[in-house]
Every structure is written in C-alpha cells, then in structure tokens.
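Biologist: I would like to learn how to read a protein model step by step. Could we begin with one residue and its surroundings, and then widen the view?

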Amino acid sequence: MKAAVITFPGSNCDLDLFHALADLDFEPTVVSAQTTDLSNYDAIFLPGGFSYGDYLRSGAIARFAPVMAAVSQAAADGKIVVGICNGFQILTEAGLLPGQLFGNEQPGFICDEVDLLIDNSNTTYTNAYADSRIKIPIAHGEGNYYVDSATLAEMEANHQIVFRYADNPNGSVANIAGVMNLAGNVFGMMPHPERAVDAITGNTDGQPFFKSILQTLGMAVGRK
C-alpha cells in the first residue's frame with residue numbers, strides 16, 4: 001500500500017515514520033510540503049516535529065502549505081489521513097479534526113513513555129490490538145487537547161475518541177490522546193507509535209497501530 005509521508009520545514013520524525021511504515025510492509029515515500037497532488041497514495045501521514053519552527057502556534061503555518069489542499073482532498077475522498085504529534089496539531093489547525101492543542105498544563109516539554117487506553121477498538125487504527133492498554137512514547141510541549149463540552153459530548157456519542165491517557169500527562173480534556181473525524185478516515189494522536197515498532201527499543205506496542213491501517217487498506221482493496 002502506497003503511503004505519503006509529508007515533510008514540512010522543521011519536521012523531524014519523517015524518517016522515523018518512513019522506516020516504521022517500510023518495516024511493516026507499506027510502500028512509503030517522503031513527500032515535500034510543496035506537493036499539490038496526492039492522488040497516487042492510499043494513505044497520507046503527517047509526522048511529528050516543529051513545522052515552520054512552530055511559530056505563531058504549532059501547525060498554524062503548516063496548515064497553509066501547498067500540500068494541505070491535497071491532504072484535504074484526500075480526506076474528502078475517504079482516504080486514510082493520519083497526523084502524529086505535530087501532524088495532529090496541523091490537522092486540527094486545518095479543520096480536518098475537531099479541537100485544538102494548547103501548551104501542556106504544566107509548562108514544559110515532556111519526553112516519556114505513557115500508558116494509553118484503547119477507547120474504541122473497532123477502528124482503522126486499533127483493529128489489530130489484542131490488548132486494551134498499551135505503552136507509547138510521547139514528546140511534546142503543546143499536547144493539551146481541548147474541545148468545548150458540546151463538541152466533546154458529540155465525539156463521545158459518535159465514538160470518535162480512539163485513545164485516552166491512563167494518567168493524563170498534559171491536561172487534555174477527558175484524558176484524550178487520539179481522535180478521529182466522524183467518517184473515521186482522518187485520525188490524529190500526540191503519542192508516537194512509530195517510535196514503538198522495533199524490538200530493539202524494548203517496545204513494539206506501536207506495531208498493531210500500523211498493522212490495523214494496513215489491514216483496513218487491504219480489506220478496502222479486496223472490496224474493489
């Protein structure tokens with residue numbers, strides 16, 4: 001399955017994501033933020049880092065990069081679009097996911113491994129998990145996810161919350177760590193599953209995340 005890894009000026013997790021995808025049987029390509037056509041890809045990934053130096057707000061400038069029109073079109077076409085860390089921030093800034101990411105409740109950069117609870121196991125991103133509690137690395141200074149109470153109620157009712165923190169490290173509303181859009185094809189999370197795919201790190205809890213996507217894409221191809 002062909003996957004585009006969008007690299008923005010300041011992205012620093014693009015190659016981590018590229019290698020994780022390649023190791024798990026995707027066919028990834030690193031694609032410039034200047035690209036305007038993503039029609040040849042089955043899935044689009046926006047990696048972590050500090051796009052455009054995180055000036056103004058994290059993701060606020062990247063949202064206007066030429067590639068984002070193509071990302072929006074891919075999302076509208078029902079393709080899988082995934083944003084991790086800064087990629088999540090970009091997707092919220094672009095209006096492709098609800099909410100906003102603010103500075104951590106306790107100011108400062110957090111680099112750690114945290115436990116996540118799988119809140120919805122029947123998604124494109126979780127269907128390969130056997131366990132409901134996993135451990136995934138985090139590395140962010142602006143991971144405090146917020147939506148208003150009305151939006152939160154809608155998201156809860158529509159099962160759009162995919163991952164929650166077991167022990168909220170950044171103050172996110174309702175312990176939210178990862179969410180998807182109503183259609184289920186656009187997803188964002190602050191933790192880094194691409195950093196938990198190689199046994200040499202002692203943690204492979206990120207593997208089922210990517211295997212879930214691959215399985216969903218395979219099923220979609222099979223239905224064509």
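Modeller: Let us start with Cys-85, which, once neighbours within four places in sequence are set aside, is in contact with Gly-48, Ala-139, His-140, Met-189, Met-190 and His-192, where contact means heavy atoms within 4.5 Å. This is a predicted model, in which local features need pLDDT of at least 70 and side-chain atom pairs count only at pLDDT 80 or more, while totals for chains, interfaces and linings use all residues. Residues are numbered from 1 along each chain as its sequence is written, and side-chain values use heavy atoms, with hydrogens and water left out.

Biologist: Where does Cys-85 lie, and is Cys-85 buried or exposed?

Modeller: Helices (H or I, at least four residues) and strands (E, at least two) are DSSP runs, numbered from the N terminus. Cys-85 sits in the loop between strand S4 (80-84) and helix H3 (86-93). Buried means under 20% relative accessible area, exposed means over 50%, and partly exposed is in between, with a 1.4 Å probe and protein chains only. Cys-85 has a relative accessible area of 5% and is buried.

Biologist: Which residues does UniProt place under "active site"?

Modeller: UniProt positions are given in the numbering used here, with shortened feature names, and annotations may be inferred rather than shown by experiment. The unreviewed UniProt entry places "active site" at Cys-85, His-192 and Glu-194. They span 110 residues in sequence, yet no two of their C-alpha atoms are more than 11.0 Å apart, so they gather at one spot.

Biologist: What does the side chain of Glu-194 make a polar contact with?

Modeller: A polar contact is a pair of N or O atoms within 3.5 Å; within protein, one must be able to donate a hydrogen and the other to accept it, and residues adjacent in sequence count only if both atoms are side-chain atoms. Here the partner of Glu-194 is the side chain of His-192, at 2.6 Å. Glu-194 is also buried, at 5% relative accessibility, and among the residues that Glu-194 touches are Asp-16, Leu-17 and Ala-20.

Biologist: Which residues of helix H1 are buried?

Modeller: An α-helix has 3.6 residues a turn, so residues three or four places apart point the same way. In helix H1 (residues 14-23), the buried residues include Asp-14, Leu-17, Ala-20 and Leu-21. They cover an arc of only 130° around the axis, taken from the directions from the helix axis to the C-beta atoms, which puts them on the same side of H1.

Biologist: How many helices and strands are there in the protein?

Modeller: The protein has 5 helices and 11 strands, and 52% of its 224 residues count as buried.
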